[in-house]
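Work through the exercises below with the structure open. Try each task before you read its solution.

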Amino acid sequence: MNELLHTILLRVTLAGAASAAALRLSGEGAMREVVRLAAGLLMLTALLQPLGSLHLPDLGETNIPDTEALRETNMQTAMSAVASSIAEAVQLRAGREGFDCTLSVTMATDENGVLQADRVTVYCGTGDLARIDRLQTLITEECGVPPERQEVIIR
C-alpha cells in the first residue's frame, strides 16, 4: 500500500511540474486552454493509472457464513434453553409436592417444525418410587410428555 501511495505521489508531482512548464510556455489565448485541458488529463492519468494495477480480493472467494449451519446452531441453543427452563419449572413443582428429584428434558421439533418437549429423564430417590405414578402424571401435565417417553432412574 505504501508503494502504491509513493508511486501516485511521484507521478502526480512529475505531471504537475510538466504541466506548470507547459502552461508557462503556452502563452495566451486558445493554446493556453488546450494546454490546461491536456495538463488536467495528464494529472488525472497520473493519479488513476497506479490505481488500475491495484489488486482487490476476489469477491467470489469471500467467506460467506453458512446460514444453514447458523440456523442449526441457533435451534440447538434455543432447544437447550427451553429444555432447561421446562426441567427447572417441573422440578420446582415436584419439589412442592414432596418429590426429591431432578429432571432432564430433551427437545425436538414435530413434523410442522414446532419445538416441543420430546423426552424426560427423571432422577429420583428410592423414597419417590411409591408415588412414581403421581410424578409421571405431573410431568405429563406440565410438559405434555406421556409416561412411555419418560425414563425414571433411581439415584
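## Exercise 1: The sheet

Three strands form an open sheet in the order 1-2-3, with mixed pairing (strands are DSSP runs of E, at least two residues, and helices are runs of H or I, at least four residues, both numbered from the N terminus; two strands pair if DSSP finds at least two bridges between them). This is a predicted model, where local features need pLDDT of at least 70, side-chain atom pairs count only at pLDDT 80 or more, and totals for chains, interfaces and linings use all residues. Residues are numbered from 1 along each chain as its sequence is written, and side-chain values use heavy atoms, with hydrogens and water left out.

**Solution.** 
1. Strand 1 and strand 2 (residues 115-124) run antiparallel, joined by nine bridges. Ala-108 stands opposite Gln-116 in strand 2.
2. Helix 4 (residues 132-143) lies across strand 1, strand 2 and strand 3. It runs at about 155° to strand 2.

## Exercise 2: A helix pair

**Task.** Work out how helix 1 and helix 2 pack.

**Solution.** 
1. Take helix 1 (residues 2-26) and helix 2 (residues 30-52): their axes are 8 Å apart, at an angle of about 175°.
2. Helix 1 is therefore roughly antiparallel to helix 2 (the term applies to angles over 145 degrees).
3. Residues of helix 1, including Leu-4, Ile-8 and Ser-19, meet residues of helix 2, among them Val-35, Ala-39 and Leu-42.

## Exercise 3: Two residues

**Task.** Is Ser-19 buried or exposed? What does Ser-19 touch?

**Solution.** 
1. Ser-19 lies in helix 1.
2. Ser-19 counts as buried because its relative accessibility is 8% (buried means under 20% relative accessible area, exposed over 50%, partly exposed in between, with a 1.4 Å probe and protein chains only).
3. Ser-19 touches Ala-39, Leu-42 and Met-43, leaving aside residues up to four places away in sequence.

**Task.** Where does Leu-54 lie?

**Solution.** 
1. Leu-54 sits in the loop between helix 2 and helix 3.
2. At 39% relative accessibility, Leu-54 counts as partly exposed.

Terms used:
Axes fitted to C-alpha atoms, helices over the stretch in contact; angles between N-to-C directions. Parallel < 35°, antiparallel > 145°, perpendicular 65-115°, else oblique. Contact = heavy atoms within 4.5 Å.
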